Amino acid sequence: MRSGSLDQALTLSERVAQHLAFIYREVEPAPDCSALAQELLAIMRLEADVPAPPAHVNQWDQGDALVLSYGGSILAPDEAPLRTLKHFLDRYLQGRVSGVHILPFYPYSSDDGFSVLDYLSVNGELGGWEDIQAIADKYDLMADLVINHCSAGGEWFRNFLENRDPGRDFFVTADPRTNLDAVVRPRTTPLLREVEAVDGPRHVWCTFSPDQVDLDFRNPRVLAEMVRIVRHYLDNGVRIFRLDAIAFLWKVPGTSCLNLDETHEVVRLLRTLVSHARPDAMLITETNIPNQENLSYFGNGNEAHCVYNFSLPPLLLNTLVTGDCTYLKQWMMSMPPPQHGTAYFNFIASHDGIGLRPAEGLLSEEELQALIGTMRRFGGHVSYRRLADGESKPYEINIALFDALQGTVEGPDEHNIPRFLCAHAIMLGLEGIPGIYIHSLLATHNDHERVEETGHPRSINRHQWNLAALEEALADPASEHGVVYRALMELLEIRQRQAAFHPNATQFTLHLGAQLFGFWRQSADRRQSIFCISNVSALEQTLNLADINLIDTDAWQDLLSGRPFQSRVEQLVLVPYQTVWITNLPDHR
């Protein structure tokens, strides 16, 4: 992989051509990279000599948090679901979240949107581009660029079968006799699918499912079409691009076909184009892979602005069901602080599941099996991937986070809500930008009926709420949905006011034993410190304030309870799953 940034003396056209020369260096016949660069700039409506945006600039602060939702997660009679979503955002989240990730809102054939039929349209069952733009006018909009594959039912693939443009050479094919044992798989379905084309049988590459056929980026036409889609999304208000399944993009038989150098260079190219078109735009890479591989998508500050912090969900879940933060603490100590202009995207639940690959090398096999067993007892499912030897290995746990935290390895208990809120208090305090899945925000339970309807384990955490029923639940002071929602709103409101919670503020891991998980955050100006400490066990724990070295000249207070501390040698008893945010500037703005 290349290191360092591109020569800033180059024109934009020259920079783009340099990206392209690297991407296509082993492709025969090689494209004319200078001409292709000019074409991409024309698609993006960029002048060849437009100045580069400033590097290493943080496009975020402690006021930023995103909610993650499908366009149809909340439904109301006789209303487009995207309008219902905006109604919910405006009434319940405005001022507490800065942005929204609307999961694929395009026409699709399977996988709840990730098998895209038409990248340039909005699914008519959800609404139209005007609804997308209305949300983008008030919130930072994150949208999926489903870049690795598209639907087998779409126009491009139909044209591939008929040997017509556009599409005739848009898809990866392979001879079934080729040895592809080294290819890393996220699923158990066959990698190659035989299809009947007008010129005979072909075997197309399907990393994820037979309905999701991988696009061939060795063909520059595919790249040009994807850049055209990026421009269209920018024009319709998208500020943040989630590069879906990007790690699998480039294929070379005989390799793992994962995280190849060409893939990283495509990310750099998109970063260059998008940043010049909209300097405050962001790329987030969705790479559900082992931790060190995931971190590589920061590049040298020239690839993704943010990477999904995929190791956090399984490690935090393991911590809270075992009552032991050892593994989480070890991982935290190994995580490098991102450069300015980059940040972690922290989440603990999503529309998919709790990925297990990001825990490889971080949790022992015994810990993983205990976690899987506990989640199954709590109603969850396990999805698998296929290994080179034909064996299957757990890939992710499918469960609603609220139910995943209903108890410990000992079984369910009475601490569901405190444990759930503890998980979010930890996540919201960490270095990075937080993203909260809408069903976590609403304390949604496992949807077993939806799993039966769809036959897909992931549907367990993709419930669709009726707006009236949801609003009734949120208004009920005794409802677990309302209790969780109000508590999370309070955490977000407090977080927004603390400079020490800037996504790039200093972070150090504290050593307080296995049952107290703690870290220290410090603002860039060094004026504010926050000691974030959580009891991750079902038993009371005692915190000696002397262990966290509070400065004598400052007055200290817990942001969450308001409790002041008069002595640096006080002992603080934390009830099960209680979190404290101890700061020297409780009114810091």
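## Where the barrel closes

In this predicted model, Val-67 has Ile-436 of strand E18 as its bridge partner. Strands of a sheet pair through backbone hydrogen bonds, in either a parallel or an antiparallel arrangement.

## The barrel as a whole

E1 and E18 are the two ends of the strand order E1-E3-E4-E9-E10-E11-E12-E18, which forms a closed barrel of eight strands. The pairing in this barrel is parallel. From one strand to the next, the twist averages 25°.

## The chain around it

Across the chain, the secondary structure amounts to 17 helices and 27 strands. The radius of gyration is 24 Å, close to the 25 Å that the globule rule gives for 589 residues, so the chain is as compact as a globular protein of that length.

## Contacts, burial and surface

Of the contacts between residues at least 6 apart in sequence, 70% join residues that are at least 24 apart. Buried residues account for 61% of the 589 residues in the chain. The chain exposes about 22,000 Å², and carbon and sulfur atoms supply 49% of that area.

Key. Residues are numbered from 1 along each chain as its sequence is written. This is a predicted model: local features need pLDDT of at least 70, side-chain atom pairs count only at pLDDT 80 or more; totals for chains, interfaces and linings use all residues. Side-chain values use heavy atoms; hydrogens and water are left out. Two strands pair if DSSP finds at least two bridges between them. Helices (H or I, at least four residues) and strands (E, at least two) are DSSP runs, numbered from the N terminus. Axes are lines fitted to C-alpha atoms, for helices over the stretch in contact, and angles run from 0 to 180 degrees between N-to-C directions. The radius of gyration is taken over C-alpha atoms; the globule rule is 2.2 Å times the number of residues to the power 0.38. Buried means under 20% relative accessible area, exposed over 50%, partly exposed in between (1.4 Å probe, protein chains only). Contact means heavy atoms within 4.5 Å. Accessible areas come from the Shrake-Rupley method with a 1.4 Å probe; for residues, only the protein chains shown count as cover.
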